[in-house]
Amino acid sequence: MKKRTIEKVLQTKFSDFISSIKDEKVKELVTKNSFISGGCIVSMLLKEKVHDYDIYFTDKETVLAVSKYYASLFKKAKAEVVDVDSIEDETKRTYFQLHGISGTGRVAIYCEATNQVSPSDFDNDEDQVEELSSVILKEKDEDEEGNEKYSPLYLSPNAISLSNKIQLIIRFYGSPEDVHVNYDFVHTTNYWTPKNGLILNQAALESILTKELIYIGSKYPIASILRCRKFIMRGWTINAGQLLKIMYQISKLNLDDIATLEDQLIGVDVVHFTILINAIRSQIEKYEKENTPFLISYNYLAKIIDKVFNSNEG
């Protein structure tokens with residue numbers, strides 16, 4: 001797809017989304033302080049189907065306003081407990097860190113759905129893990145038909161998923177250059193703004209042309225290595241050196257810490273890993289009641305992973 005065509009598609013999609021926002025203040029902030037980046041531009045350059053349009057925001061005020069607006073709509077539609085806040089004071093940081101959400105200055109959403117699995121639902125019964133996994137996956141995969149245009153479908157500490165293929169990213173904010181520091185692969189670093197149109201960079205275009213994954217470093221290397229599977233299935237390649245860069249960064253993480261593990265898994269296979277994290281938290285709670293520390297072991301983790309993924313692969 002040509003650059004001018006991609007610009008027209010993105011402008012049309014963005015304008016249509018903006019027109020759906022009923023709150024005038026939120027609409028004004030989003031109009032002035034947004035840009036689109038990520039896989040949708042790659043898909044259009046390759047003439048492939050676009051799965052989602054990822055919209056980022058350039059400042060904290062906009063992220064907070066957008067989060068509160070859509071959390072409110074989500075709560076009204078689904079009667080679920082939603083808490084949105086800026087992680088600044090110690091109390092809030094502690095609260096959100098209990099759910100794997102960290103980072104001073106960022107905006108976070110914590111959603112405890114009435115039909116969502118909580119840690120107390122797990123008692124290390126593998127049959128129960130399998131049953132709850134199936135229920136959640138069924139709910140997650142429901143068709144979007146019947147949803148109002150650009151209505152909130154799913155909230156996470158990472159993003160707000162709307163109907164009609166819009167993803168509002170709340171985990172990061174800032175200029176495109178600031179946001180791209182958090183990206184893992186160079187091919188996703190092209191972007192579009194309402195003011196400047198489509199901005200393409202040479203390294204990204206070379207990677208797309210050859211369909212070769214080039215790792216540029218990430219704060220979330222586990223998500224990166226898991227994402228490789230998706231790209232390889234689409235015909236991309238990655239050499240051993242790029243994989244080593246990812247593995248080196250993973251080696252620096254303390255994955256025995258549940259908050260670190262959860263933070264690293266947010267945004268990839270969300271449903272599966274939510275079940276996994278809740279199972280681990282259940283064990284932690286159980287041991288804490290007995291005043292005994294619970295240490296994550298490979299055998300325990302492997303057992304839960306196999307149960308969750310083998311029961312729901314596809």
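Which residues do ring pairs link into a cluster? In this predicted model, in which local features need pLDDT of at least 70, side-chain atom pairs count only at pLDDT 80 or more, while totals for chains, interfaces and linings use all residues. Residues are numbered from 1 along each chain as its sequence is written, and side-chain values use heavy atoms, with hydrogens and water left out.

The cluster is made of Phe35, Tyr56, Tyr183 and Tyr191. The whole structure holds 12 aromatic pairs, a pair being two rings of Phe, Tyr or Trp (its six-membered ring) with centres within 6.5 Å; planes under 30 degrees apart count as stacked, over 60 as edge-to-face and the rest as tilted. Phe35 and Tyr56 are stacked, because their ring centres lie 5.5 Å apart and their planes meet at 15 degrees. This pair joins distant parts of the chain, with Phe35 in strand E1 (residues 34-37) and Tyr56 in strand E2, 21 residues apart; strands (E, at least two residues) and helices (H or I, at least four) are DSSP runs, numbered from the N terminus. Both Phe35 and Tyr56 are buried, where buried means under 20% relative accessible area, exposed over 50% and partly exposed in between (1.4 Å probe, protein chains only).

Turning to the backbone, Lys47 has a positive phi, near 60 degrees. Lys47 belongs to the loop between helix H3 (39-45) and strand E2 (53-57), and its relative accessibility of 69% makes it exposed. A positive phi, near 55 degrees, is also found at Lys211, in the loop between helix H8 (202-210) and helix H9 (221-233).
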